[in-house]
Amino acid sequence: MEKKENLLSTRRFLPMFVTQFLGALNDNVYKQALLLVITYGWINQQSASVSTLNNLAALLFILPYFIFSATAGQIADKYERASLVRGIKILEIIIMLIGSAGFLLGHLWLLLLALFLMGTHSTFFGPIKYAILPEILKPNELMSGNALFQSGTSMAILIGMILGGAVISASDGNLLWISLTIVTIAILGFISSQFILRQNVTTPDLEIDWNFFRTSFQTIKYAKSIPLIYLILLGNSWYWFYGATYLTQIPQLTQQNLHASENVVSLLLTFFSVGIGIGSLLCRRIGGTQVNLKMVPIGAIGLTVFALYLAASLAFVPERSGELLHLADVFQQSWSYYHVMFAVTLLGISGGFYIVPLYAMMQAYSPRSHRARVVAANNILNAVFMVSSAVFSIIILSVLKIDIKILFCITAVLSAIFSIWLLIRLKPQLNTAQVSLED
């Protein structure tokens with residue numbers, strides 16, 4: 001029997017894994033630091049409110065996905081991808097120097113410009129990293145590679161949020177330290193990118209259309225022309241709608257329902273991120289090496305059942321007044337707090353089961369000549385669904401004044417309906433595609 005190779009020990013996979021890990025880490029260190037300096041008033045905020053600035057920051061980071069994803073997909077299909085990664089990592093160093101200038105000068109708009117540019121950096125990096133995976137991995141390694149990518153990204157997000165908060169907190173208002181942190185991570189990312197193996201160019205004759213409105217429309221239209229691919233992209237995007245709906249509410253849930261402080265927000269985000277990492281790695285072990293739908297229904301069931309479990313757990317949290325609970329206090333409260341933590345972890349695990357096979361399928365069944373553009377279409381749809389999630393949550397919570405527990409229940413039911421529809425449509429399309437590949 002052939003010995004199974006550990007992907008993290010291979011030259012073809014490890015540099016790409018480390019590079020994407022450091023990129024996700026820096027995104028989150030920078031975003032968390034920016035939100036904290038805005039919230040605590042350590043920079044000149046002009047006349048805008050903290051809430052307005054925080055929402056503006058979220059919008060500026062996601063806006064490039066709408067504008068540049070289609071162009072990024074074309075560039076990733078036309079040019080050699082390892083060189084593109086190195087160029088993007090040089091850009092990241094420049095962006096972090098702009099962000100550092102914003103921190104050190106106390107200039108809000110420089111910081112927001114750097115945030116927009118980091119969103120642009122991530123937009124161009126996304127199609128490359130997911131298009132490279134099928135090139136550097138064997139077909140029976142795609143599930144494992146995606147599981148490692150997903151769990152690594154989850155850990156990078158978690159570590160980035162903790163590191164950004166810790167550096168800001170420990171530096172006691174001296175923003176030189178956060179500046180050194182983000183520039184150092186960017187430099188390490190550039191160094192790791194030097195070890196990425198040179199890739200074959202898939203479509204060198206492609207003429208890039210720089211009209212991003214037209215190319216975005218054409219990119220989505222192309223994805224729709226392949227029913228299997230389009231269904232997979234809708235499945236991916238639903239996950240981002242679902243995840244954004246829950247993660248965005250965690251601060252409010254912590255304050256209003258758990259009556260707890262900001263530290264408990266970080267605790268719940270930690271449980272969720274660790275859950276995704278565990279789910280991704282379990283998916284790799286249980287689902288097998290072949291790209292298949294086996295784990296998606298399990299993940300879909302979990303996303304519904306454990307969302308209802310979370311809502312029920314919140315209903316049993318006792319009412320209290322006075323000071324907010326700190327981290328140590330939470331563990332001395334009633335059993336309902338433990339159920340909330342457990343439910344959030346199980347939601348993360350279910351998310352890992354759901355998303356890893358879909359990303360692997362997206363890569364496996366995308367035409368090689370258009371693979372990066374398919375990833376670009378995925379990014380555009382993800383951005384649309386995430387913005388829709390924000391609008392949906394605002395309508396439920398702010399306009400209709402419905403309780404957050406009901407929002408979770410509605411989302412759980414919608415997830416069940418969508419997942420049933422997706423799996424019914426996906427199975428015959430997948431069977432047809434497999435027959436076509438065999439022929």
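Biologist: Where is lysine 401 found in this predicted model?
Modeller: Lysine 401 is in the loop between helix 13 and helix 14 (404-438).

Biologist: Why is lysine 401 called exposed?
Modeller: Exposed means over 50% relative accessible area. Lysine 401 has 66%, so it counts as exposed. Its phi is positive, about 55 degrees, although lysine 401 is not a glycine.

Biologist: Which other residue has a positive phi of about 55 degrees although it is not a glycine?
Modeller: Histidine 259 has such a phi. Histidine 259 belongs to the loop between helix 8 (227-257) and helix 9 (262-286).

Biologist: What makes histidine 259 count as buried or exposed?
Modeller: The cut-off for buried is under 20% relative accessible area. Histidine 259 has 10%, so it is buried.

Biologist: Which residues form the nonpolar patch on the surface?
Modeller: The patch consists of Val387, Val391, Ile394, Ile395, Val399 and Leu400, and together they have about 500 Å² of accessible area. Valine 399 has its place in helix 13 (residues 371-399).

Biologist: How do you know that valine 399 can belong to a patch?
Modeller: A patch residue needs over 30% relative accessible area. Valine 399 has 56%, which is also over the 50% needed to be called exposed.

Biologist: Why is the contact between glutamate 80 and arginine 198 called a salt bridge?
Modeller: The rule asks for a side-chain nitrogen of Lys or Arg within 4 Å of a carboxyl oxygen of Asp or Glu. In this pair the closest N and O atoms are 3.6 Å apart, so the contact is a salt bridge.

Biologist: What does the pair of glutamate 80 and arginine 198 tie together?
Modeller: Glutamate 80 lies in the loop between helix 2 (50-78) and helix 3 (81-105), and arginine 198 in the loop between helix 6 (176-193) and helix 7 (212-224), so the pair ties together parts that are 118 residues apart in sequence. Glutamate 80 is buried at 7% relative accessible area, whereas arginine 198 is exposed at 66%.

Biologist: How many salt bridges are there by this rule?
Modeller: The count is seven. Among them is the one between arginine 81 and aspartate 77, at 3.0 Å from N to O. Both of those residues are buried. Asp77, Arg81 and Arg373 are linked in a network of salt bridges.

Biologist: What makes phenylalanine 17 and phenylalanine 21 a stacked pair?
Modeller: By this rule there are 17 aromatic pairs. Phenylalanine 17 and phenylalanine 21 are 6.4 Å apart, centre to centre, with 25 degrees between the planes. The limits are 6.5 Å for a pair and under 30 degrees for stacking, so the pair is stacked. The two residues are four apart in helix 1 (residues 14-39), separated by about one helical turn.

Biologist: Why is lysine 89 said to lie over the face of phenylalanine 125?
Modeller: The distance to the ring centre is 4.9 Å. The rule asks for a charge within 6 Å of the centre and within 35 degrees of the ring normal. The distance is therefore inside the limit.

Methods
Residues are numbered from 1 along each chain as its sequence is written. This is a predicted model: local features need pLDDT of at least 70, side-chain atom pairs count only at pLDDT 80 or more; totals for chains, interfaces and linings use all residues. Side-chain values use heavy atoms; hydrogens and water are left out. Patches are made of residues with over 30% relative accessible area and no salt bridge: like charges are joined within 9 Å, nonpolar side chains (Val, Leu, Ile, Met, Phe, Trp, Tyr) within 5 Å. Accessible areas come from the Shrake-Rupley method with a 1.4 Å probe; for residues, only the protein chains shown count as cover. Buried means under 20% relative accessible area, exposed over 50%, partly exposed in between (1.4 Å probe, protein chains only). Rings of Phe, Tyr and Trp (its six-membered ring) pair if their centres lie within 6.5 Å; planes under 30 degrees apart count as stacked, over 60 as edge-to-face and the rest as tilted.
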